[in-house]
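Subject: A structure for you to explore

Hi there,

Here is the structure I promised to pass on. Have a look at it first, and then read my notes below.

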Amino acid sequence: MKKDLEEFSDILNIRAHHLLCIQGFQGRGYSQGFVKNMDKIVNFLKNNPQTLLKVISSTDDICYCCPHNIENTCKQSPSAEDNVKKMDLKTLNCLGLEKHDITTYEHIIELLSNRLDSSDLKEICGFCLWIECCNLHK
Ligand code: SF4
Ligand code: SF4
(Lines give C-alpha, C1' and ligand atoms only; values in the text may rest on other atoms or scores of the structure.)
(Ligands and ions follow the chains in the order given, each with its own letter.)
Protein backbone atom coordinates (compact mmCIF):
# COMPACT_ATOMS: atom_id res chain seq x y z
CA MET A 1 0.00 0.00 0.00
CA LYS A 2 1.36 3.42 -1.00
CA LYS A 3 1.95 6.04 1.66
CA ASP A 4 0.50 9.54 1.30
CA LEU A 5 2.27 12.58 2.66
CA GLU A 6 -0.28 12.87 5.46
CA GLU A 7 1.22 9.64 6.76
CA PHE A 8 4.63 11.30 6.75
CA SER A 9 3.47 14.08 9.05
CA ASP A 10 4.26 12.19 12.28
CA ILE A 11 7.64 10.68 11.59
CA LEU A 12 9.64 9.85 8.50
CA ASN A 13 11.98 6.89 8.34
CA ILE A 14 15.10 8.00 6.47
CA ARG A 15 18.22 5.91 5.97
CA ALA A 16 21.24 7.96 6.98
CA HIS A 17 22.89 8.56 3.60
CA HIS A 18 19.54 9.66 2.17
CA LEU A 19 19.87 12.75 4.38
CA LEU A 20 22.51 13.80 1.87
CA CYS A 21 20.56 12.68 -1.20
CA ILE A 22 17.65 14.86 -0.07
CA GLN A 23 19.97 17.89 -0.28
CA GLY A 24 21.37 16.86 -3.67
CA PHE A 25 18.10 15.87 -5.38
CA GLN A 26 17.61 17.46 -8.79
CA GLY A 27 14.53 15.62 -9.99
CA ARG A 28 16.21 12.50 -11.33
CA GLY A 29 16.00 8.94 -10.07
CA TYR A 30 15.39 5.27 -10.70
CA SER A 31 11.81 5.49 -12.00
CA GLN A 32 8.91 7.94 -12.30
CA GLY A 33 7.43 6.58 -9.10
CA PHE A 34 10.73 7.01 -7.29
CA VAL A 35 11.11 10.62 -8.49
CA LYS A 36 7.52 11.51 -7.58
CA ASN A 37 7.93 10.12 -4.05
CA MET A 38 11.37 11.72 -3.59
CA ASP A 39 10.05 15.06 -4.84
CA LYS A 40 7.16 14.90 -2.36
CA ILE A 41 9.48 14.10 0.55
CA VAL A 42 12.04 16.78 -0.36
CA ASN A 43 9.35 19.47 -0.67
CA PHE A 44 7.52 18.31 2.42
CA LEU A 45 10.67 18.57 4.52
CA LYS A 46 11.59 21.95 3.05
CA ASN A 47 8.17 23.28 4.08
CA ASN A 48 8.00 21.44 7.41
CA PRO A 49 11.44 21.63 9.03
CA GLN A 50 10.06 20.53 12.40
CA THR A 51 9.18 17.11 10.99
CA LEU A 52 10.63 14.28 13.05
CA LEU A 53 12.94 11.88 11.26
CA LYS A 54 14.02 8.47 12.50
CA VAL A 55 17.49 7.88 11.10
CA ILE A 56 17.85 4.25 10.07
CA SER A 57 20.16 1.99 8.09
CA SER A 58 17.69 -0.11 6.13
CA THR A 59 15.07 0.47 3.45
CA ASP A 60 13.17 3.66 4.21
CA ASP A 61 10.39 5.97 3.02
CA ILE A 62 12.53 6.86 -0.01
CA CYS A 63 13.40 3.24 -0.90
CA TYR A 64 9.69 2.55 -0.54
CA CYS A 65 9.01 3.60 -4.16
CA CYS A 66 12.31 2.41 -5.64
CA PRO A 67 12.25 -0.41 -8.20
CA HIS A 68 15.45 -1.79 -6.62
CA ASN A 69 13.76 -2.33 -3.28
CA ILE A 70 13.01 -6.05 -3.31
CA GLU A 71 11.46 -7.38 -0.12
CA ASN A 72 12.97 -4.52 1.86
CA THR A 73 16.47 -5.12 0.59
CA CYS A 74 18.36 -2.89 -1.83
CA LYS A 75 19.06 -5.02 -4.92
CA GLN A 76 20.43 -2.27 -7.13
CA SER A 77 23.49 -4.53 -7.57
CA PRO A 78 24.54 -7.81 -5.90
CA SER A 79 26.46 -5.92 -3.19
CA ALA A 80 24.13 -2.90 -3.02
CA GLU A 81 22.64 -3.49 0.43
CA ASP A 82 26.10 -3.83 1.98
CA ASN A 83 27.34 -0.76 0.13
CA VAL A 84 24.43 1.46 1.11
CA LYS A 85 24.72 0.28 4.73
CA LYS A 86 28.37 1.39 4.67
CA MET A 87 27.28 4.78 3.32
CA ASP A 88 24.68 5.00 6.09
CA LEU A 89 27.27 4.17 8.76
CA LYS A 90 29.75 6.75 7.46
CA THR A 91 27.00 9.38 7.43
CA LEU A 92 25.93 8.51 10.98
CA ASN A 93 29.53 8.78 12.18
CA CYS A 94 30.07 12.14 10.48
CA LEU A 95 26.87 13.57 11.92
CA GLY A 96 27.45 12.15 15.41
CA LEU A 97 24.17 10.25 15.28
CA GLU A 98 23.26 6.70 16.26
CA LYS A 99 21.07 4.34 14.26
CA HIS A 100 17.39 4.88 15.23
CA ASP A 101 17.96 8.36 16.65
CA ILE A 102 14.92 10.57 16.23
CA THR A 103 15.37 14.26 15.58
CA THR A 104 13.90 17.14 13.58
CA TYR A 105 14.81 17.82 9.99
CA GLU A 106 15.90 21.28 11.09
CA HIS A 107 18.47 19.73 13.44
CA ILE A 108 19.71 17.46 10.64
CA ILE A 109 20.29 20.51 8.41
CA GLU A 110 22.34 22.08 11.20
CA LEU A 111 24.41 18.91 11.61
CA LEU A 112 24.97 18.65 7.86
CA SER A 113 26.24 22.19 7.65
CA ASN A 114 28.38 22.04 10.83
CA ARG A 115 29.84 18.56 10.68
CA LEU A 116 30.23 17.54 7.05
CA ASP A 117 33.02 18.70 4.78
CA SER A 118 33.93 17.95 1.18
CA SER A 119 36.26 15.08 2.09
CA ASP A 120 33.43 13.41 4.07
CA LEU A 121 31.17 13.82 1.05
CA LYS A 122 33.73 12.26 -1.25
CA GLU A 123 34.16 9.37 1.17
CA ILE A 124 30.43 8.73 1.55
CA CYS A 125 29.36 9.25 -2.07
CA GLY A 126 32.43 7.93 -3.87
CA PHE A 127 30.67 5.12 -5.75
CA CYS A 128 27.27 6.68 -6.28
CA LEU A 129 25.87 6.49 -9.82
CA TRP A 130 24.27 9.92 -9.42
CA ILE A 131 27.31 11.87 -8.33
CA GLU A 132 27.52 13.79 -11.63
CA CYS A 133 23.98 15.10 -11.30
CA CYS A 134 23.86 15.66 -7.54
CA ASN A 135 23.61 19.21 -6.24
CA LEU A 136 25.83 18.37 -3.27
CA HIS A 137 28.78 17.76 -5.59
CA LYS A 138 28.54 20.94 -7.74
S1 SF4 B 1 26.17 11.59 -4.69
FE2 SF4 B 1 24.64 9.99 -4.56
S3 SF4 B 1 24.73 9.21 -2.46
FE4 SF4 B 1 25.77 11.17 -2.50
S5 SF4 B 1 24.19 12.63 -1.91
FE6 SF4 B 1 24.23 12.58 -4.14
S7 SF4 B 1 22.68 11.08 -4.72
FE8 SF4 B 1 23.14 10.76 -2.54
S1 SF4 C 1 18.82 2.14 -4.81
FE2 SF4 C 1 18.61 1.00 -2.90
S3 SF4 C 1 19.08 2.43 -1.22
FE4 SF4 C 1 18.69 3.62 -3.09
S5 SF4 C 1 16.54 4.16 -2.97
FE6 SF4 C 1 16.69 2.27 -4.18
S7 SF4 C 1 16.40 0.61 -2.68
FE8 SF4 C 1 16.88 2.48 -1.53
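Where does ligand 1 sit? Ligand 1 sits in the largest pocket. Please keep in mind that this is a predicted model.

If you zoom in on ligand 1, you will find Leu 20, Cys 21 and Met 87 around it, together with Cys 125, Cys 128, Ile 131, Cys 134, Leu 136 and His 137. Sorted by class, the shell around ligand 1 holds eight nonpolar residues and one polar residue, with no charged ones.

Helix α4 covers residues 80-95 and helix α5 covers residues 105-115, and the two pack at an angle of about 85° with their axes 9 Å apart. Angles of 65 to 115 degrees count as roughly perpendicular, so α4 and α5 are roughly perpendicular to each other. On the α4 side, Asn 93, Cys 94 and Leu 95 make the contact, while α5 contributes Leu 111, Leu 112 and Arg 115. Four of these contact residues are nonpolar, one is polar and one is charged.

Enjoy exploring!

Best wishes

How values were computed
Residues are numbered from 1 along each chain as its sequence is written. Chains are lettered from A and ligands numbered from 1 in the order in which they are written. This is a predicted model: local features need pLDDT of at least 70, side-chain atom pairs count only at pLDDT 80 or more; totals for chains, interfaces and linings use all residues. Side-chain values use heavy atoms; hydrogens and water are left out. A residue is near a molecule or strand if one of its heavy atoms lies within 4 Å of it. On a 1 Å grid over the protein atoms alone, a cavity is a set of points where a 1.4 Å probe fits but cannot get out, and a pocket is an open set with protein on both sides within 12 Å along at least five of seven lines; lining residues have an atom within 4 Å of a point. A molecule sits in a cavity or pocket if more than half of its atoms lie within 2 Å of its grid points. Ala, Val, Leu, Ile, Met, Phe, Trp, Tyr, Cys and Pro count as nonpolar, Asp, Glu, Lys and Arg as charged, and the others, Gly among them, as polar. Axes are lines fitted to C-alpha atoms, for helices over the stretch in contact, and angles run from 0 to 180 degrees between N-to-C directions. Helices (H or I, at least four residues) and strands (E, at least two) are DSSP runs, numbered from the N terminus. Angles under 35 degrees count as roughly parallel, over 145 as roughly antiparallel, 65 to 115 as roughly perpendicular and the rest as oblique. Contact means heavy atoms within 4.5 Å.
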